[in-house]
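Hi there,

Here is the structure I promised to pass on to you. Have a look at it first, and then read my notes below.

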Amino acid sequence: MLGLKFETATSWAEIAKDDLQQILTDHAFAEQKAASNAVSIIINYSEETALVTEMSKIAIEEMEHFKMVHDLMVARGMTLGREQTNSYAKNLQSFFTKTKDRNEALIQRLLVAALIEARSCERFKVFSENLEDQELSNFYKDLMVSEANHYTTFLGFARQYQDREIVDKKWNDLLAYEAEMMKTRGNTAKVHG
């Protein structure tokens with residue numbers, strides 16, 4: 001369904017389970033960044049009514065997810081830690097050559113966002129399936145569905161702004177690049193780590 005070219009090993013779920021404070025903090029900030037990205041797309045492409053409508057929904061939903069993660073942390077006696085660097089998104093963004101063409105820049109942003117959402121979905125699935133903690137398992141199963149919806153929204157919009165064949169070539173190239181990158185990840189309690 002997601003088209004990812006590298007599967008997360010269950011060993012990552014074990015690492016994440018052993019450091020819930022870290023994975024939940026990283027997840028909370030990932031949700032904030034996702035909301036921020038949707039708002040940024042709205043600001044930069046405000047003339048695209050259908051896109052603005054969907055990005056508004058995503059921004060709100062991502063902030064709701066942030067609140068859900070934060071509430072879960074508080075209920076478990078945790079404090080939201082400080083944001084930490086995560087090179088995953090930056091590495092994906094560096095795949096594409098910077099462009100001054102607004103349409104091309106939008107397609108690049110949409111494809112990167114789609115891949116981040118797809119990988120989040122896949123990681124949430126692996127995590128939920130390897131948790132004994134039923135509350136957390138259910139929590140991540142529910143979020144997995146939302147991430148899948150966001151992935152299809154971003155990819156669908158990219159395909160609207162350029163010939164599908166061209167977009168799909170870029171998408172497959174980005175997937176291959178991300179798969180190589182993921183081979184060196186999976187050893188930290190971070191959503192994309």
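**The cavity**

T25, D26, F29, K33, E83 and Q84 line the largest cavity. On a 1 Å grid over the protein atoms alone, a cavity is a set of points where a 1.4 Å probe fits but cannot get out, and lining residues have an atom within 4 Å of a point. Please keep in mind that this is a predicted model, where local features need pLDDT of at least 70 and side-chain atom pairs count only at pLDDT 80 or more, while totals for chains, interfaces and linings use all residues. Residues are numbered from 1 along each chain as its sequence is written, and side-chain values use heavy atoms, with hydrogens and water left out.

The volume of the largest cavity is about 30 Å³, a volume being the space filled by probe spheres set on the points, which are joined across faces, edges and corners. The count of cavities of 30 Å³ or more comes to one. Its lining has one nonpolar, two polar and three charged residues (Ala, Val, Leu, Ile, Met, Phe, Trp, Tyr, Cys and Pro count as nonpolar, Asp, Glu, Lys and Arg as charged, and the others, Gly among them, as polar).

The largest pocket holds about 800 Å³ of space; a pocket is an open set with protein on both sides within 12 Å along at least five of seven lines. It is lined by 35 residues, and A89, K90, Q93, V112 and I116 are the closest to its centre. Helix α5 gives the most to this lining, with nine residues (helices are DSSP runs of H or I, at least four residues, numbered from the N terminus). By class, the pocket lining has twelve nonpolar, 13 polar and ten charged residues.

**Two packed helices**

α2 and α3 (residues 49-75) pack at an angle of about 160°, with their axes 8 Å apart. Axes are lines fitted to C-alpha atoms over the stretch in contact, and angles run from 0 to 180 degrees between N-to-C directions. The two helices α2 and α3 are therefore roughly antiparallel to each other (angles over 145 degrees). Their contact has 18 nonpolar, six polar and two charged residues.

**Salt bridges**

The whole structure has 16 salt bridges (a side-chain nitrogen of Lys or Arg within 4 Å of a carboxyl oxygen of Asp or Glu). D133 and R76 meet in a salt bridge, at 2.8 Å from N to O. D133 is in the loop between α5 and α6 and R76 in the loop between α3 and α4, 57 residues apart.

Best wishes

Key
Parallel < 35°, antiparallel > 145°, perpendicular 65-115°, else oblique.
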